[in-house]
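Subject: The structure, and what turned up in it

Hi,

Here is the structure I promised to pass on. Please open it and keep it beside you while you read.

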Amino acid sequence: MADSSVADVDAQALLDEANSTTGAEGEPKFTLELNQDQKDIREWVHGFAEGVVRPAAEEWDEREETPWPVIQEAAKIGLYSFEAVGQFWADETGLTLPIANEELFWGDAGIGMAIMGTTLAVAAIFGQGTPEQMGEWIPQCYGTADDVKLGAFCASEPDAGSDVSGIRTTAKYDEAKDEWVLNGQKAWATNGGIANVHVVIASVDRELGSRGHAAFVIPPDTPGCEQGAKVKKHGLRASHTADVHLDDCRVPGSCLLGGKEKLDERLARVREGKKAKSQAAMQTFEASRPTVGAQALGIARAAYEYALQYAKEREQFGRPIVENQSIAFDLANMKLEIDAARLLVWRAAWMGRQGHKFENAEGSMSKLKAGEVAVWVTERAIQILGGNGYTREFPVERMHRDSKIYTIFEGTSEIQRLVISRAISGLHIK
Ligand SMILES: Cc1cc2nc3c(=O)[nH]c(=O)nc-3n(C[C@H](O)[C@H](O)[C@H](O)COP(=O)(O)OP(=O)(O)OC[C@H]3O[C@@H](n4cnc5c(N)ncnc54)[C@H](O)[C@@H]3O)c2cc1C
C-alpha cells in the first residue's frame with residue numbers, strides 16, 4: 001500500500017475551508033453574476049475542452065477505450081487533480097463545480113466522464129472518510145501527472161440498481177486480524193477494475209437493508225478484487241464501465257470509511273429503531289446530482305450550438321433552414337430548456353454548498369430536468385441536421401447517444417420523480 005502520496009493534498013485544510021463558509025451567517029447571496037475566479041475557471045476548462053477534448057472525441061468514441069493520453073494532458077495542466085476539484089468545490093457559491101463540468105462535457109461527454117469518473121469515488125471518501133483517510137486515499141485516486149490513476153465507485157449490482165437496499169455484497173469483520181472480508185459482484189462501475197482505488201458499498205448487516213451499508217476503500221492491487229466483464233455501451237464510450245468481482249477480498253480495518261466506532265454507533269441507533277443519519281450510497285449520490293446535471297447541460301449546449309450554426313448555413317428552398325419558423329422555434333425552445341435546466345442546477349448547487357436541506361428534492365429536480373433536456377435537445381439537433389444528423393460524420397449523433405445515460409445513472413428519471421413526489425407530498429409514494 002503506497003503511503004508516499006499522502007503529502008500533496010491537505011484534505012483537512014480543504015475541508016476546513018469548505019466548511020468554514022457553509023451555512024454560516026453572511027452566507028453568499030445567490031447571484032447570477034459570476035465573479036472573476038469563476039469566469040477564469042470557466043475559460044480555462046473551456047479552453048481545454050475546445051483544444052484537447054473535442055478534437056479527440058470521435059476517435060475515443062470509436063475506439064471505446066479509456067483515453068489515457070487525454071487524461072494525462074488534463075493532469076499536466078492540473079485539471080485532473082484533487083487540487084482542481086477541491087478548488088471548484090471550495091467556491092462558497094457552489095457554482096464553480098457545475099460550471100467546470102458543463103464546460104468539460106461541452107467538449108465531449110465520453111472523455112469528460114473518463115476525466116470526471118474518479119470524482120464519484122473521491123466524493124465518497126471526502127463525504128464519509130476521516131481526514132486521515134482523505135489524505136491517504138484521495139491522492140491515490142489521481143496519481144501524478146506522469147503516472148495518472150483512476151478511482152471507481154461501486155454501489156450498483158446485477159440485482160440492485162435503483163433499489164440499493166438489494167445490495168448483496170457483504171463485508172464481514174475479522175476481529176483477530178482487524179480486517180474486513182468482502183464478497184460479492186458489482187455491476188456497471190465506471191473505471192471498475194482499471195481503477196487504482198475502488199470504493200465499494202457493502203452490507204455489514206443484511207437485515208438492516210440500506211441502513212446496514214458501509215463504504216470501504218479497496219487499496220490498489222488488493223487480491224480478490226478483479227474486473228469482470230467490460231460493458232459495451234450505446235454512448236459515453238470513452239468511459240470504461242465494467243463489473244467488479246470481490247472474492248474473499250481482505251482489506252485492513254482502516255479501510256472502512258469513517259471508522260468502526262462511527263459505524264457501530266450508527267448500527268446501534270438503527271437497531272434501537274432510531275433514524276440513521278445517512279446511508280452510504282445515497283449520501284454520495286445526493287451530493288453529486290447537480291454536478292451530474294451540469295454534465296448533461298454541457299452535452300445539450302454543445303448540440304444546440306452545433307444545430308444553430310448548421311441551420312444558419314444549410315440552405316433548402318433557396319434560404320437558410322433557420323428562416324423556417326419550425327426550425328427557429330425548435331432552436332428557441334432548445335435554448336429555453338437549457339437555460340431553465342441550468343437555473344435548477346445552479347440553485348441546487350448553491351443550496352447544497354450552503355448546507356440547505358433539499359426540502360423539495362431540489363437536487364433530484366436539477367438532475368432530472370437537465371438529463372431529460374439533454375436527451376430532447378440532442379434529438380432535436382439530429383432532426384435539424386437531417387440525414388447528416390443521423391450519421392457519424394457529424395457530432396450530434398454521438399451527443400444524443402451520450403445524453404441518454406443522464407436519464408438512467410445516478411438515479412433514473414423515474415426514481416428522481418419518486419424522490420420529488422415523496423418530498424413534496426410527505427407520503428411514501430411507490
Ligand atoms: C454507463 C453507466 C455507468 C454507471 N456507473 C456507475 C458507477 O460508477 N457506480 C455505480 O454504482 N453504478 C453505476 N451505474 C449503474 C446505474 O447507476 C444504474 O444502472 C441505475 O441506477 C439504474 O439501475 P438499473 O440499471 O438496475 O435499473 P433498474 O433499477 O432495474 O430500473 C429499470 C427501470 O425500472 C424503473 N424503476 C425501478 N424502480 C422503480 C420504481 N420504484 N418506480 C418506478 N420506476 C422504477 C427504472 O426507472 C428503470 O426505468 C452505471 C450505469 C451505466 C449504464
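Below are some notes on the ligand and on one surface patch.

This is a predicted model, in which local features need pLDDT of at least 70 and side-chain atom pairs count only at pLDDT 80 or more, while totals for chains, interfaces and linings use all residues. Residues are numbered from 1 along each chain as its sequence is written, and side-chain values use heavy atoms, with hydrogens and water left out.

Let's begin with the ligand. It has 18 residues around it, and Phe153, Ser156, Ser162, Thr412 and Glu414 come nearest (a residue is near if one of its heavy atoms lies within 4 Å). By class, this shell holds nine nonpolar, six polar and three charged residues (Ala, Val, Leu, Ile, Met, Phe, Trp, Tyr, Cys and Pro count as nonpolar, Asp, Glu, Lys and Arg as charged, the others, Gly among them, as polar).

Some atom pairs to look for:
- Phe153: a backbone N or O atom lies 2.8 Å from a ligand nitrogen.
- Ser162: a side-chain N or O atom is 2.6 Å from a ligand oxygen.
- Trp188: a polar backbone atom is 2.9 Å from a ligand nitrogen.

On its own, the ligand has 980 Å² of accessible area, and the protein covers 67% of that (Shrake-Rupley method, 1.4 Å probe; for residues, only the protein chains shown count as cover).

Now the surface: Phe30, Leu32 and Leu343 make a nonpolar patch of about 280 Å² (residues with over 30% relative accessible area and no salt bridge, a side-chain nitrogen of Lys or Arg within 4 Å of a carboxyl oxygen of Asp or Glu; like charges are joined within 9 Å, nonpolar side chains, Val, Leu, Ile, Met, Phe, Trp and Tyr, within 5 Å).

Happy exploring!

Technical notes
A polar contact is a pair of N or O atoms within 3.5 Å; within protein, one must be able to donate a hydrogen and the other to accept it, and residues adjacent in sequence count only if both atoms are side-chain atoms.
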